[in-house]
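Here's a quick briefing on one protein chain. Have a look at the fold first, then read on.

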Amino acid sequence: QVQLVESGGGLVQPGDSLTLSCSASGRGFSNLYIGWFRQPPGKEREFVAAVGPNGGVSYTNSVKGRFTTFRDNSKNMAYLQMTSLKPEDTALYYCAAGDGIYFEDMYDSWGQGTQVTVSS
């Protein structure tokens, strides 16, 4: 398993952009899926996006066309670029590493979470 550290969250206005970073340490990063999940206030954690070992990507419908995830294996980094942010994007965002794509139990390593708040 790898260890993950997230950064990049903050308070932004609707329509703004924000990029989240996920920095990994340990063995095997390049062989794992990197998933992004979020937990809005008062709701369950949900799948947002994932990027596979070879760069293939998946997105939940609500963020398609607005969010982009990609990875740089040479730096053990993954990113979630978010544009046209909406108030409903407000959530605690997590990155995770593992064998799966859509489901939380397919990921073994998790970051600490970073808060994204979209208001005004």
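**The disulfide and its surroundings**

At 1% relative accessibility, Cys22 is buried, where buried means under 20% relative accessible area, exposed over 50% and partly exposed in between (1.4 Å probe, protein chains only). Keep in mind that this is a predicted model, where local features need pLDDT of at least 70, side-chain atom pairs count only at pLDDT 80 or more, and totals for chains, interfaces and linings use all residues. Residues are numbered from 1 along each chain as its sequence is written, and side-chain values use heavy atoms, leaving out hydrogens and water.

**Disulfide**
- Cys22 pairs up with Cys95 in a disulfide (cysteine sulfur atoms within 2.5 Å), with the sulfurs 2.1 Å apart.
- The pair ties together distant parts of the chain, 73 residues apart: Cys22 sits in strand β3 (residues 18-25) and Cys95 in strand β9 (residues 91-98).
- The S-S torsion is about 70°, so the disulfide is right-handed.
- Cys95 is buried too, at 0% relative accessible area.

**Ser58**
- Ser58 lies in strand β6 (residues 57-59) and is buried at 17% relative accessible area.
- Leaving aside residues up to four places away in sequence, Ser58 touches Phe47, Val48, Ala49, Ala50, Ile101 and Tyr102 (contact: heavy atoms within 4.5 Å).

**Whole chain**
- The protein chain has 0 helices and 11 strands, counted as DSSP runs numbered from the N terminus (helices H or I, at least four residues; strands E, at least two).
- Of its 120 residues, 44% count as buried.
- The C-alpha trace spans about 40 × 25 × 25 Å along its principal axes.
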